[in-house]
Amino acid sequence: MGTYLFQGILGVSLGFVINLFNKDFSPAIGYLIPLGFGQGPGQAYSIGLQWETLGLNSGSSIGLAIAAAGFGWATVGGLVILNFY
């Protein structure tokens, strides 16, 4: 539970920092990070798709990209950790 909260806070914080330099960037994308990394592509896609109706450009594609990064991190990071231990 704490890791989802940490991912959300970190993602939104980075979103606000990026928003300082690029006003077209939506900090709400940071909320897709816990969904993509923890819940998988289905949740990230469906929430991103719903946010598209609220004005987030390419929300479903961003959700799927974050989920793919989560799968990549789980594979590469998992292999490194397993080989280390």
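A: Phenylalanine 84 is exposed, because its relative accessible area is 64%, over the 50% cut-off. Tyrosine 85 is exposed too, with a relative accessible area of 76%. The model described here is a predicted one. It holds one aromatic pair. In that pair, the ring centres of phenylalanine 84 and tyrosine 85 are 4.9 Å apart and the ring planes stand at 80°, so the arrangement is edge-to-face, as planes over 60 degrees apart are counted.

The part to look at closely is helix 2, residues 32-39. Two packed helices are described by the angle between their axes and the distance between the axes.

Take helix 3 as the partner, residues 41-53. Its axis lies 8 Å from that of helix 2, and the packing angle is about 155°. Helix 2 is therefore roughly antiparallel to helix 3, since the angle is over 145 degrees. Helix 2 contributes Leu32, Leu35, Gly36 and Gln39 to the contact, and helix 3 contributes Gln43, Ala44, Ile47, Gly48 and Trp51. Of these residues, five are nonpolar, four are polar and none is charged.

The other partner to consider is helix 4, residues 59-84. Here the axes come within 8 Å and cross at roughly 45°, so helix 2 and helix 4 are oblique to each other. The crossing is right-handed. On the side of helix 2, the contact is made by Leu32, Ile33, Gly36 and Phe37. Helix 4 supplies Gly59, Ile62, Gly63, Ile66, Ala67, Ala69, Gly70 and Trp73. This contact has eight nonpolar and four polar residues, with no charged ones.

Technical notes:
Residues numbered from 1 in each chain as written. Predicted model: local features only at pLDDT ≥ 70, side-chain atom pairs only at ≥ 80, totals over all residues. Heavy atoms only, no water. Axes fitted to C-alpha atoms, helices over the stretch in contact; angles between N-to-C directions. Helix = DSSP H or I, 4+ residues; strand = E, 2+ residues; numbered from the N terminus. Parallel < 35°, antiparallel > 145°, perpendicular 65-115°, else oblique. Contact = heavy atoms within 4.5 Å. Nonpolar A, V, L, I, M, F, W, Y, C, P; charged D, E, K, R; others polar. Left-handed = near helix turned anticlockwise from the far one by under 90°. Phe/Tyr/Trp six-rings, centres within 6.5 Å; stacked < 30°, edge-to-face > 60°. Buried < 20%, exposed > 50% of the residue type's maximum accessible area, 1.4 Å probe, protein only.
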